[in-house]
Amino acid sequence: MKNHVFRPLMVVLGLIGLVLIFRLFYVPKDFSSHENGYMYGWYRTGNIEEWKAFKVKYQGAEYCKDCHADKLESISQSPHMIIQCENCHGPAFEHPSDPEKLPIDRSRGQCLRCHAKLAYPSSGRASIRGIDPEQHNAGTECVSCHNPHKPSLEGLK
Amino acid sequence: MKRREFLKKAAIGVAGITLPLAALEIVNPRKMFAGKDDGAKVRWVFLVDTYKCVGCGLCVKACKNENEIPYDANVTRTWVERYVFTKDGKFHADTPKGARDGFITSKIDLGQGKYEDIKSEDIQKAFFVPKLCNQCENPPCVQVCPVGATYQTPDGVVLVDRSWCIGCGYCIMGCPYGVRFFHPKYHTAEKCNFCYHRITKGLKTACVQACPFGARQIGNMKDPKDPVTKIIMTERVGILKEEYGTKPQVFYIGLDREVK
């Protein structure tokens, strides 16, 4: 073979070799094909464990019951029983060690998520008692009149 | 043999021996044609009941907090759409901020600060539809990833390897459901992963736990006793964009023609 063919060929082969050597060191050892084949299952195995180790933030109402039993007790006798505490108080993380206190969402917007009247047939929204935010005591926090943990209408009128 | 000649031949020899072996390591034909492993014990599926959804958006709020998606950035792993059909045959749809703050007004968000109010007497039907990643059986987003940074786990969830993603955006273009976006902080592809860190610990996803009305449910399709599996097997459920052949694993009760 002639030199002018042979030399570039060597360079190309050399480069391919270099890339493969680089790849050998750069690509993590656990990068390979798995159960779902090359099309869907070609990945770094360690990443699954990384995702599993992601931090859980929402603990659920059970978590609160030892310390705030009164709130749980009162809400469980009201239609708000279905609403998770953390929907209004934010994720608990490691509360009460970290954070020591959880926030309290007193905004009207928080209640209007469900109670702003939307007459939508074929949606569950239609069966929740709704109010018109512009008419119903506009500007005042809902919780100054309604108890979020026991929103009874008795004695209000 | 001259020294020069020897070196040349040796180089060819070495390249000749190493190249094919190394190449085979990248693509192993046996694995290449390996089918899906059907021995898996878990296949996560999701069930959405659109009749129960009231559009409170507490699922979106919980998802953003749980999965560390910047709260004020206009991207979210799950969102809720509102559909309003009026008696004149028109339909309107919106999802302001992905419904992070719920739907607290009857005004439809047309974008660019414009709103259209629809009177309740003009409404023919109206409802809410939660959306999230479909964790497709044949995920196109995974097929198009050039580096193996997104993949399907043996239990059917599609994950993104943030340390491996190069941010090319092919998967974002490839998803027919538009569930993928760039994470504002990491600048890598981001998507709902059924709260993989929660479901693998026996917890519900953040959105399922946050939903007060049971509009969202998660289950294991490989367990015949699972209540979600029972509903999917015995009741009338729909999926989104069936014609794409992606085999989505999020099932809907009460889908409508205009919901895509």
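Six aromatic residues form one cluster here: A:Phe22, A:Tyr26, A:Phe31, A:Tyr38 and A:Trp42 from chain A, with B:Trp164 from chain B. Keep in mind that this is a predicted model.

Now the pairs. Searching the whole structure gives 14 aromatic pairs over all chains. Take B:Tyr83 and B:Phe91. Their ring centres are 6.2 Å apart and the planes meet at 15°, so this pair is stacked; the cut-off for stacking is under 30 degrees. Are the two residues buried or exposed? B:Tyr83 has a relative accessible area of 5%, so that residue is buried. B:Phe91, at 35%, counts as partly exposed.

The next pair is B:Phe103 with B:Phe128. Here the centres are 5.0 Å apart, with 40° between the planes, and the pair is tilted. As for accessibility, B:Phe103 is buried at 1% relative accessible area, and B:Phe128 is buried at 0%.

Last item, charges over rings, with two cases in chain B. The charged end of B:Lys64 sits over the ring of B:Tyr71, at 6.0 Å from the ring centre. For B:Lys125, the charged end sits over the ring of B:Phe85, and the distance to the centre is 4.8 Å.

Key:
Residues numbered from 1 in each chain as written. Chains lettered and ligands numbered in written order. Predicted model: local features only at pLDDT ≥ 70, side-chain atom pairs only at ≥ 80, totals over all residues. Heavy atoms only, no water. Phe/Tyr/Trp six-rings, centres within 6.5 Å; stacked < 30°, edge-to-face > 60°. Buried < 20%, exposed > 50% of the residue type's maximum accessible area, 1.4 Å probe, protein only. Lys NZ or Arg CZ within 6 Å of the ring centre and 35° of its normal.
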